[in-house]
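Have a look at the picture, then read the notes below.

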Amino acid sequence: QVQLVELGGGSVRAGGSLRLSCAASGRIFSDYTMAWFRQGPGKEREFVAGINWDSGTRGYADSVNGRFTISRDNAVNMVFLQMNTLKTEDTATYYCAADRDRPYSRNLPRDSADYYYWGQGTQVTVSS
């Protein structure tokens with residue numbers, strides 16, 4: 001059974017930091033692009049950050065660029081999102097996502113429709 005499990009959400013004051021982890025199991029994810037998306041209250045799901053299979057390509061939404069860092073450890077099938085200088089507008093449920101169809105890709109899709117596997121989400125709440 002394929003699973004993506006997010007860990008590390010929580011509540012933090014503005015300006016603080018959190019680190020999200022995503023543990024993948026049930027298949028080999030090391031060959032595929034993985035990404036983080038988020039969905040805030042009353043908003044659509046949006047791309048946050050992505051990383052291709054060998055970490056050679058990383059991309060960020062403009063709203064988080066310079067504050068968030070995505071990384072992965074293929075040896076243990078995990079992806080991470082380090083979030084610094086958090087803002088109240090970062091409050092959302094954060095989802096880990098994995099591509100299924102394009103191994104060894106250099107591209108970094110930003111559309112949720114390009115990702116097949118999804119975690120259940122972890123809540124991040126940033127207070128002022």
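Reading along the sequence, you'll see that the chain follows the pattern β-β-β-β-β-β-β-β-β-β-β. That gives 11 strands and zero helices, where strands (E, at least two residues) and helices (H or I, at least four) are DSSP runs numbered from the N terminus. Keep in mind that this is a predicted model: local features need pLDDT of at least 70, side-chain atom pairs count only at pLDDT 80 or more, and totals for chains, interfaces and linings use all residues. Residues are numbered from 1 along each chain as its sequence is written, and side-chain values use heavy atoms, with hydrogens and water left out.

**Overall shape**

- The C-alpha trace spans about 40 × 30 × 25 Å along its principal axes.
- A compact globule of 128 residues would have a radius of gyration near 14 Å, and the chain agrees, with 14 Å; the radius is taken over C-alpha atoms, and the globule rule is 2.2 Å times the number of residues to the power 0.38.
- Of the contacts with a separation of 6 or more, 61% are between residues 24 or more positions apart; a contact means heavy atoms within 4.5 Å.

**What's tucked inside**

- In soluble globular proteins, nonpolar side chains tend to be buried together.
- The largest nonpolar core here has 28 residues, and Leu-4, Trp-36, Leu-81, Met-83 and Tyr-94 have the most contacts inside it; such a core is a set of buried Ala, Val, Leu, Ile, Met, Phe, Trp, Tyr and Cys residues joined through side-chain atoms within 4.5 Å.
- Several strands each supply at least two residues of this core, including strand 3 (18-25), strand 4 (34-39), strand 8 (78-83) and strand 9 (92-98).
- Another core, of five residues, lies apart from the largest one, and Ala-35, Phe-47, Ala-97 and Tyr-115 are among its members.

**The sulfur link**

- The chain has one disulfide, which is a pair of cysteine sulfur atoms within 2.5 Å.
- Cys-22 and Cys-96 are the partners, at 2.1 Å from S to S.
- They link distant parts of the chain: Cys-22 sits in strand 3 and Cys-96 in strand 9, 74 residues apart.
- The torsion about their S-S bond is about -80°, so this disulfide is left-handed.
- Cys-22 counts as buried because its relative accessibility is 0%, and Cys-96 is buried too, with a relative accessible area of 0%.

Methods: Buried < 20%, exposed > 50% of the residue type's maximum accessible area, 1.4 Å probe, protein only.
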